Amino acid sequence: YEAEKLGTEVVLYFYASNVQNIKFKNKDFIQDNFWEYANWKKYYAWDINHYQFLKNNLNSFSEIDILGPVEFISNKKDFLSNKIFSDYNKGFISIFDVQPQRESFYYSWGKEVEYYVVDTVINFINDIYSVASKYNVPVVHKRKRKNELDNNRNLKYINYLSKLNKKSNFSTLDPDIPANRIIDKSRLVISMPFTSTAVYAISKNKPSIFYDPTSKIDKTFHKFDDIELICGKNELEVWFKKNINL
C-alpha cells in the first residue's frame, strides 16, 4: 500500500499456474484458497485459462495481463551426460509429477479426497513408462524438489524411483536441473494435473498433456484451450501413438 501511495505499480505474478482445485466425478466442488478476498490491482497470468480462472474468482476489479509462462530457471546444471542420452538423437519423453508426502502430512488438510498421494503418483509414472517402453522411447522424470532430509518425505516414492532409475530407458534427473531446459529437448511432455510444465511446453510448441491415471477427474469441468486432459492408460496410448512421430 505504501509503495502504491508513492506511485509505484505493484503486480502479483505467479511462479506457477496451478492455482485451482481439482473437481472429481460425482463430487461437489469447492474452490478454496480464498481468491475472492484478493485485492491486488494488477495480475500477470500465464495463459488464457489462468486469466479466466482469475477473472471468475476475484471479487474486486483488477487488471489482468497475459504475459506467458515464467521461465523455470534456477541454475545452468547440465543433464545431457546422463545415461539415458547415449542415443540422444532418438528423443525422449519428459514427465513431471507432484512429489507426494507421507500420509500423515495430508490428514491435517481435512480434504475429502487428496489426489497427490503416493499411489496416484506411482501409477502416473508406471503407466507412462509402460507405454513408452512398448515403443522403445526413453523416459526422463523430473522431481520437483530434493527432500531426502525432509520429515514429510514419502519413502515409498523415493524407493520406487531408486529401483526404476536402474532401468536402461528411464532416468530421474536432479531436481536442481531447470525444467525448461529438459522440456526444450523433449519429444513429448506429460504432466500431472494441473502442473505448470504443461503450459510451458505448449508455449514451446511441444506436444503436451495432463495425464490422470485414476480417471477420477471430471473432464467436463476441467477444460483447457490448448492442453488436453487424458484419463486412463488406454487414452494415454492413443495419444502417444498419434504424437510420437510428429
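## Aromatic rings

Phe14, Trp35 and Phe53 form a cluster linked by ring pairs. Rings of Phe, Tyr and Trp (its six-membered ring) pair if their centres lie within 6.5 Å; planes under 30 degrees apart are stacked, over 60 edge-to-face, and the rest tilted. By this rule there are twelve aromatic pairs.

One is Phe29 with Phe221: the ring centres are 4.6 Å apart and the planes stand at 50°, so the pair is tilted. This pair links distant parts of the chain, 192 residues apart. Phe29 is in the loop between β1 (12–13) and β2 (42–45), and Phe221 is in the loop between β8 (208–212) and β9 (228–231). Phe29 is partly exposed, at 27% relative accessible area. Phe221 is partly exposed too, at 40%. Tyr115 and Tyr116 also pair: their centres lie 5.3 Å apart with planes at 85°, so this pair is edge-to-face. Tyr115 is buried at 5%, and Tyr116 is buried at 16%.

Buried means under 20% relative accessible area, exposed over 50%, and partly exposed in between (1.4 Å probe, protein chains only).

## About the model

This is a predicted model: local features need pLDDT of at least 70, side-chain atom pairs count only at pLDDT 80 or more, and totals for chains, interfaces and linings use all residues. Residues are numbered from 1 along each chain as its sequence is written, and side-chain values use heavy atoms, leaving out hydrogens and water.

## Strands β5 and β6

Strands are DSSP runs (E, at least two residues), numbered from the N terminus. Two strands pair if DSSP finds at least two bridges between them. β5 (residues 139–142) and β6 run parallel, joined by four bridges. His141 has Thr172 of β6 as its bridge partner.

In β6 (residues 170–173), Phe170 and Thr172 point one way. Ser171 and Leu173 point the other way. All are buried.
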